Amino acid sequence: LGFMTTHVCNSLYFLQLQPLQPGKLLPAFLAFVILIITCSLIVFQIKDQLGPMMLPIVAYMGLISLMTILAANLAASETLKSIALKYFIPGAGCFVLSDGLLALNKFLWHRHDLDIPVMITYGLAVLLLTLGFINTEWWTKKIPSKSSRG
């Protein structure tokens, strides 16, 4: 529940920064296409092992995909494009990669050596999103640097 809440909050923040606008949807649409293919391939691989977990897994994939699409949508903003490309899109992509590896490993492969790449991609996702939030807050609020505060 905590992870889902985080992705909802991230999604709402991204949507607040850059609402979906007709004529500026190319980055979001490209992310949508990539995620439909990626998520479909993952679900196809693990569907027989999911049982009653099918609905929660698909719902979580939908939520993390929405967050990633809204992160990609930030690239439609000239003022946020750099931060989106540097932090938010790679960070959201790392979450998708981490969770995709986790699902494939938990339900299909069962390899302990994959725990390391799962945690590395998860940590990288958190780091990149955090750096994006920090840089966005600095940019939007024009927080003065320490040297100018006296």
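This short talk covers the pockets and the aromatic pairs of a predicted model.

Ground rules. Local features need pLDDT of at least 70 and side-chain atom pairs count only at pLDDT 80 or more, while totals for chains, interfaces and linings use all residues. Residues are numbered from 1 along each chain as its sequence is written, and side-chain values use heavy atoms, with hydrogens and water left out.

Pockets, then. On a 1 Å grid over the protein atoms alone, a pocket is an open set of points where a 1.4 Å probe fits, with protein on both sides within 12 Å along at least five of seven lines. Lining residues have an atom within 4 Å of a point. Volume is the space filled by probe spheres set on the points, and points are joined across faces, edges and corners.

The largest pocket comes to about 490 Å³. It has 23 lining residues. Nearest its centre lie Ile-57, Tyr-60, Asp-99, Leu-102 and Ala-103. Which helices build that lining? Helices here are DSSP runs of H or I, at least four residues, numbered from the N terminus. α1, α2, α3, α4 and α5 each supply at least two residues. α4 gives the most, with 9. By class, the lining has 19 nonpolar, 2 polar and 2 charged residues. Nonpolar means Ala, Val, Leu, Ile, Met, Phe, Trp, Tyr, Cys and Pro; charged means Asp, Glu, Lys and Arg; the others, Gly among them, are polar.

Next, the second largest pocket, at about 150 Å³. Its lining includes Phe-32, Cys-39, Met-61 and Ile-69. Two or more residues come from each of α2 and α3. The largest share, 6 residues, is from α2. The classes are 8 nonpolar, 3 polar and no charged.

Now the rings. Rings of Phe, Tyr and Trp (its six-membered ring) pair if their centres lie within 6.5 Å; planes under 30 degrees apart are stacked, over 60 edge-to-face, the rest tilted. The structure holds 7 such pairs. One is Phe-14 with Phe-88, edge-to-face, at 4.8 Å centre to centre and 65° between the planes. Phe-14 sits in α1 and Phe-88 in α4, so this pair ties together parts 74 residues apart in sequence. How accessible are they? Phe-14 is buried at 0% relative accessible area, and Phe-88 is buried at 1%. Buried means under 20%, exposed over 50%, partly exposed in between (1.4 Å probe, protein chains only).

Last item: a cluster. Ring pairs link Tyr-13, Phe-14, Phe-88 and Phe-133.
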